[in-house]
Amino acid sequence: MHNPVPAIVVAQLFGAKAPGVSYDPSSQERMAIYSQAFAMIKKSPIFGNGVYSLQLLGLGYSHSIMLEPWVEGGIFMLLNFLIFSGMMFWSAFRYVVVGRC
């Protein structure tokens, strides 16, 4: 299977110094999940692949708070997640710093 994630991106994600560095089994498993997730995003970027699509393929969770909604619900779900998260952070910031909601 062709790896859609460039080696330099994978190396930077996992803190490797060079693309040829060997990883522990947990990192290798996560890299396989990320590669499959990016392939699924490429296949259906707008509407996604459905809820629990990675788990249904037997890949488990991606352990990425941004990647899960993008794979499952496409760009619409990712944007909704980012907007909601931004609103929550903004509300918390106003409450803590400014003292009002």
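**View 1. Ser-44, a buried residue in a loop.** With a relative accessibility of 17%, Ser-44 counts as buried, where buried means under 20% relative accessible area, exposed over 50% and partly exposed in between (1.4 Å probe, protein chains only). Ser-44 sits in the loop that runs between α2 and α3 (53-56). Helices (H or I, at least four residues) and strands (E, at least two) are DSSP runs, numbered from the N terminus. Look here for a polar atom of the Ser-44 side chain, which lies 2.8 Å from the backbone oxygen of Gly-48.

**A note on the model.** This is a predicted model, in which local features need pLDDT of at least 70 and side-chain atom pairs count only at pLDDT 80 or more, while totals for chains, interfaces and linings use all residues. Residues are numbered from 1 along each chain as its sequence is written, and side-chain values use heavy atoms, with hydrogens and water left out.

**View 2. The whole chain.** Stepping back for a moment, the protein has 4 helices and 0 strands, and reading along the sequence gives the pattern α-α-α-α. Of the 101 residues in the protein, 30% are buried. Among contacts (heavy atoms within 4.5 Å) with a separation of 6 or more, 41% join residues 24 or more positions apart.

**View 3. The largest nonpolar core.** Which residues make up the largest nonpolar core? The 8 residues are Ile-33, Tyr-34, Ala-37, Met-40, Ile-41, Leu-54, Leu-67 and Val-71. At least two residues of this core come from each of α2 (25-43) and α4 (67-98), and α2 gives the largest share, 5 residues. A nonpolar core here is a set of buried Ala, Val, Leu, Ile, Met, Phe, Trp, Tyr and Cys residues joined through side-chain atoms within 4.5 Å. In soluble globular proteins, nonpolar side chains tend to be buried together. If you follow Met-40 and leave aside its neighbours within four places in sequence, you will find it in contact with Asn-49, Ser-53, Leu-54, Leu-57 and Val-71.

**View 4. Where α2 meets α4.** The two helices pack at an angle of about 40 degrees, and their axes are 9 Å apart. Axes are lines fitted to C-alpha atoms, for helices over the stretch in contact, and angles run from 0 to 180 degrees between N-to-C directions. From α2, the contact uses Tyr-34, Ala-37, Phe-38, Met-40 and Ile-41, and from α4 it uses Leu-67, Trp-70 and Val-71. What kinds of residues form the contact of α2 with α4: nonpolar, polar or charged? There are 8 nonpolar, no polar and no charged residues, with Ala, Val, Leu, Ile, Met, Phe, Trp, Tyr, Cys and Pro counted as nonpolar, Asp, Glu, Lys and Arg as charged, and the others, Gly among them, as polar.

**View 5. Phe-38 on helix α2.** Phe-38 belongs to helix α2 and is partly exposed, at 30% relative accessibility.

View 6. Tyr-52 is found in the loop between α2 and α3. Its phi is near 60 degrees, a positive value in a residue other than glycine, and Tyr-52 is partly exposed, with a relative accessible area of 48%. Ile-65 lies in the loop between α3 and α4. Is Ile-65 buried or exposed? Ile-65 counts as exposed because its relative accessibility is 61%. From C-alpha to C-alpha, Ile-65 and Phe-81 are 9.4 Å apart in space and 16 residues apart in sequence.

Note on methods: Polar contact = N/O pair within 3.5 Å; in protein donor to acceptor, adjacent residues only side chain to side chain.
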